[in-house]
Amino acid sequence: MNGASFHSVTLDPTKCKACTTCIRFCPTEAIRVRKGRAHIADERCVDCGECIRVCPNNAKKAVSDPLSALEPFAVRVALPAPTLYGQFDERFSIDRILCGLLELGFTDVFEVAEAAELVSDAAAAWLARTGDGGPWLSSACPAVVKLLQVRFPSLLDRLVPIMSPMEAAARLVKERLYPGRDDVGVFFISPCAGKVTVSRYPQGLSDSSVDGVIAIKDVYLPLRAALPGVTERPLHRASARGVAWAHIDGESDALAVPRAISVSGIADVIGVFEALENGKMKDVAFIEALACPAGCVGGPLTVENPYIARARIRSMEHRATVALEPRFRAGELDLRLEREVSARAGLALAPDMLKAMLLLEETELIAESLPGLDCGSCGAPSCRAFAEDVAKGDAVITDCVFKLRENLRKLGEELIGMEGPQPEPGRGR
Amino acid sequence: MKLRYEVSGEDMSLAGKASGEVKRALGRLGVNPAAIKRTAVCMYEAEMNMVIHGGGGVAEAELSPDRVVVTMRDSGPGIPDLELAMQEGYSTAPEWIREMGFGAGMGLPNMKRNSDELRIDSAPGKGTTVTIMVKFDSSEGTGA
């Protein structure tokens, strides 16, 4: 039910100092610090990258593909996320950035922003057809979709069943631009750790058409070095509507659905989903939820500050002049998801409900005896999470420094009590 | 097992905490998502009523393997005409509550729709006790 356990977000144990900073920021309480290092529970991790952002020792990282992954393919197509355009200052136009990618070993580029326009059309058409007033949830952000699977499974049936712009772009390349060929490699240039995971284990699709995912931060330096020298030619085809998907509000604006709200940053996304699960937001038709601050520009694999990147991209949208005609029209390709996105049982205490109930009861008792400071010294994100760990047998009560001190004091008192008053001579033996 | 929470009648920003805790507990038990959502909707509505009309009170959730029974008890003014209160659109909520998006008169009907059993014991001056029962019917599916 939980599928494969590959995750892009991983730990470098040699750098981890067991400082417990990361455990508080994980939205699914997936991290524990035990035996001197952090451990990430695969079944709970949603690849949001929060831990990568906050780790003071750079011990959290996202596994992605190196540029050498291009080598086996004759045709090597880069699919740059529109976020890439905001990584460089105004001297470098989108055309120049796209031409720069061709200097790094790619033989062709296809803007994900171009596919985003088609995805916007498909999603808007789907929303118009359903007749259900919503709220419907965007399925574009892989961390948000996974958050729903783990923490809000009752909302999964609200996902708009249209594939992401990355997947749509890869399919357009393989099925329209290079049909019938098996020597075409398609590589997403990614701000996002979650995209690495879904390129291997896609959500709502049986297979991904993406052959590799390369981090923006890994192409940044070679691309930056190439940019001043490239001969610029017109390659940019996406309109402002597609480019705007790089930041929050971009998708909602592109879909042009009335009564849409957009929310970014995993904590705020959770707030909106909690309200939605409580039956609020009946008057909302569409929710664009993105896990990273300010949207994809805030992705953990980017280089530039998200707010600077967003400002740059917005100014590109205002100046948008596209020399080339769009190649594809709405409805060009079937962009619907192929299967339901199902729940992941990551948070249940036990697979069997009776057993889970016993553990929950025990958790409540243990939690009552804890100080409730959520200090993190035990390696769990909160006293309650620690109580669950103890009930499940994953931790012992004396991992809590306060309980340890309490036990030591008791032990000391017992020792003193055992020594007791000296027996008088002649009494006892 | 029983969970118990005090619901403050003083602080609107804390309204929803108790239902959030029960939602979390049901998730830990592995209850099917559709039943969790139904419980959350009912309890959240009842908790809001308790804060807005009842001046706070006590929320209890009795968990069994096949159902949850939530009891919300306040010592507020009580409901003078229960039949009227159950009608869709009937509301006594003050304007400021309506401005927050509550008080449309859908609370009790919505709770009735989402629960498997709803009982309201109330009399003017005696407070209100709302009892909500939700069954964990596995045939409801995963909600996915």
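Student: What share of the 144 residues in chain B is buried?
Tutor: Buried residues make up 53% of them. Buried means under 20% relative accessible area, with a 1.4 Å probe and protein chains only. Note that this is a predicted model: local features need pLDDT of at least 70, side-chain atom pairs count only at pLDDT 80 or more, and totals for chains, interfaces and linings use all residues. Residues are numbered from 1 along each chain as its sequence is written, chains are lettered from A and ligands numbered from 1 in the order written, and side-chain values use heavy atoms, with hydrogens and water left out.

Student: How many helices and strands are in chain B?
Tutor: Five helices and five strands. Both are DSSP runs numbered from the N terminus: helices are H or I, at least four residues, and strands are E, at least two. From the N terminus the order is β-α-α-β-β-α-α-α-β-β.

Student: Why is chain B called as compact as a globular protein of that length?
Tutor: Because its radius of gyration is 15 Å, close to the 15 Å that the globule rule gives for 144 residues. The radius is taken over C-alpha atoms, and the rule is 2.2 Å times the number of residues to the power 0.38. The C-alpha trace of chain B spans about 40 × 30 × 25 Å along its principal axes.

Student: Switching to chain A. Is strand β11 mostly covered or uncovered?
Tutor: Mostly covered. β11(A), residues 286–290, has five of its five residues buried. One side carries A:F286, A:E288 and A:L290, the other A:I287 and A:A289.

Student: What does A:F273 touch?
Tutor: Leaving out residues up to four places away in sequence, its partners include A:L137, A:V144, A:F152 and A:A289. Contact means heavy atoms within 4.5 Å.

Methods
Buried means under 20% relative accessible area, exposed over 50%, partly exposed in between (1.4 Å probe, protein chains only).
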